[in-house]
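Subject: Handover of a structure and the findings on it

Dear colleague,

I am passing the structure below on to you, together with an account of what was found in it. Please read the account with the structure open beside it.

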Amino acid sequence: MKSFGSKPWVLPQPVLIIGTYNKDGKANAMNAAWGGQWDMHEIMISMGSHATTENLKLNNGEFTVAFATAETMVASDFVGIVSANKDPKKMEKTGWTEEKAPNVNAPVFTDFPMTLECRIKEKIDESAEGYNLVAEIVNVLCDEKYLDEKGNPDVEKMNLIIYDSVGHNYIQLGKVVGKAFSCGNEIK
Ligand SMILES: Cc1cc2nc3c(=O)[nH]c(=O)nc-3n(C[C@H](O)[C@H](O)[C@H](O)COP(=O)(O)O)c2cc1C
């Protein structure tokens with residue numbers, strides 16, 4: 001085994017698109033790979049100092065989180081490399097459509113299959129560079145197109161992408177290969 005020392009290489013990372021409203025009421029989005037599930041009804045995200053960070057202050061810590069797909073990849077990367085502070089036409093360039101989220105003051109980008117509505121509960125290690133946020137997942141929205149016959153989200157239909165923090169690539173999720181909490185029974 002070759003050693004690489006300490007690296008930010010937890011694999012795979014999600015590609016989270018965080019939606020907020022700017023002070024002029026226009027939607028903004030940013031890309032965040034450093035985040036994940038935190039307990040049963042909470043999400044955590046490592047939040048730097050961005051236009052989004054300012055928006056969270058203005059909007060009671062409310063935001064949405066969409067999961068990026070192969071179809072939204074280019075614009076998802078774009079919102080991660082260009083700030084609304086630098087480009088007033090940022091969101092027009094994505095071509096995404098948006099509507100207000102039903103339960104939080106934040107935009108839902110309808111180009112994505114699934115979106116979480118979130119509200120910050122706690123900011124950890126806050127400084128001028130940002131903080132780690134823990135937020136309540138208030139609600140989950142899923143476009144009906146991506147539901148299975150039982151009415152539950154069908155992740156295989158969504159063409160989700162993940163972030164490869166070693167190679168700095170986006171990789172599309174593939175096929176289901178086994179049933180969790182179950183396939184291990186085979187060698188009990
Ligand atoms: C693949 C990728 C992952 C990123 N992950 C994070 C992250 O986890 N936390 C963060 O604060 N910024 C992250 N960023 C950077 C922000 O998305 C970026 O600074 C963005 O332009 C901020 O937009 P805003 O200033 O309009 O809010 C990431 C960018 C990319 C491309």
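The ligand is surrounded by 22 residues, and the closest of them are Trp34, Gly48, Thr52, Gly80 and Ser83. Two or more residues of this shell come from each of strand E3 (27–32), strand E5 (42–47), helix H1 (51–58) and helix H2 (73–81). Strand E3 makes the greatest contribution to the shell, with 4 residues. Sorted by class, the shell holds 10 nonpolar, 11 polar and 1 charged residues. Please bear in mind throughout that this is a predicted model.

The chain as a whole

The protein chain contains 3 helices and 12 strands. For 188 residues, a compact globule would have a radius of gyration near 16 Å, and the 17 Å of the protein chain agrees with this. The C-alpha trace spans about 60 × 45 × 30 Å along its principal axes. Of the 188 residues, 31% are buried. When contacts between residues at least 6 apart in sequence are considered, 62% of them join residues at least 24 apart.

Strands E2 and E3

Strand E2 (residues 16–21) runs antiparallel to strand E3, and 6 bridges join the two. Within this pairing, Ile18 has Met30 in E3 as its bridge partner. The hairpin of E2 and E3 has 5 residues between the strands, and Gly25 in this hairpin takes a positive phi near 85 degrees.

The open sheet

A further group consists of 3 strands, which form an open sheet in the order E1-E11-E12 with antiparallel pairing. Strand E1 (13–14) and strand E12 (169–172) are at the edges and have a single partner strand each, so one side of each has no neighbour in the sheet. Strand E1 is joined to strand E11 (residues 161–164) by 2 bridges. Across this pairing, Pro14 stands opposite Ile162 in E11.

Helix H1

Helix H1, which is among the elements that give residues to the ligand shell, has Thr52, Asn55 and Leu56 as its buried residues. Viewed down the axis of H1, these buried residues fall within an arc of 105 degrees, so they line one face of the helix. They pack against E2, E3, strand E6 (62–67) and strand E9 (114–127). Just after H1, Asn60 takes a positive phi of about 60 degrees.

Thr94 in helix H3

Thr94 lies in helix H3 (residues 90–94). Is Thr94 buried or exposed? With 21 other C-beta atoms within 10 Å, Thr94 is buried, since the cut-off for a buried residue is 20 or more. Leaving aside residues up to four places away in sequence, Thr94 touches Ala75, Phe78 and Val79. Thr94 and Glu126 are 32 residues apart in sequence, and their C-alpha atoms are 30 Å apart in space.

Backbone features to check

Most residues other than glycine have a negative phi, and most peptide bonds are trans. The following places may be viewed with that in mind.

- The peptide bond from Leu11 to Pro12 is cis, with omega near -15 degrees. Pro12 belongs to the segment before E1.
- Asp39 is not a glycine, yet has a positive phi of about 65 degrees. Asp39 is located in the loop between strand E4 (35–38) and E5, and counts as exposed with 10 C-beta neighbours inside 10 Å.
- Asn159 likewise is not a glycine and has a positive phi of about 55 degrees. Asn159 is located in the loop between strand E10 (130–142) and E11. Asn159 has 16 C-beta neighbours inside 10 Å and counts as partly exposed.

With kind regards

Key
Residues are numbered from 1 along each chain as its sequence is written. This is a predicted model: local features need pLDDT of at least 70, side-chain atom pairs count only at pLDDT 80 or more; totals for chains, interfaces and linings use all residues. A residue is near a molecule or strand if its C-beta atom, placed from the backbone, lies within 6 Å of it. Ala, Val, Leu, Ile, Met, Phe, Trp, Tyr, Cys and Pro count as nonpolar, Asp, Glu, Lys and Arg as charged, and the others, Gly among them, as polar. Two strands pair if DSSP finds at least two bridges between them. A residue is buried if 20 or more other C-beta atoms lie within 10 Å of its own, exposed if 12 or fewer, and partly exposed in between; C-beta atoms are placed from the backbone. Two residues are in contact if their C-beta atoms, placed from the backbone, lie within 7 Å. The radius of gyration is taken over C-alpha atoms; the globule rule is 2.2 Å times the number of residues to the power 0.38. The arc is that of the directions from the helix axis to the C-beta atoms.
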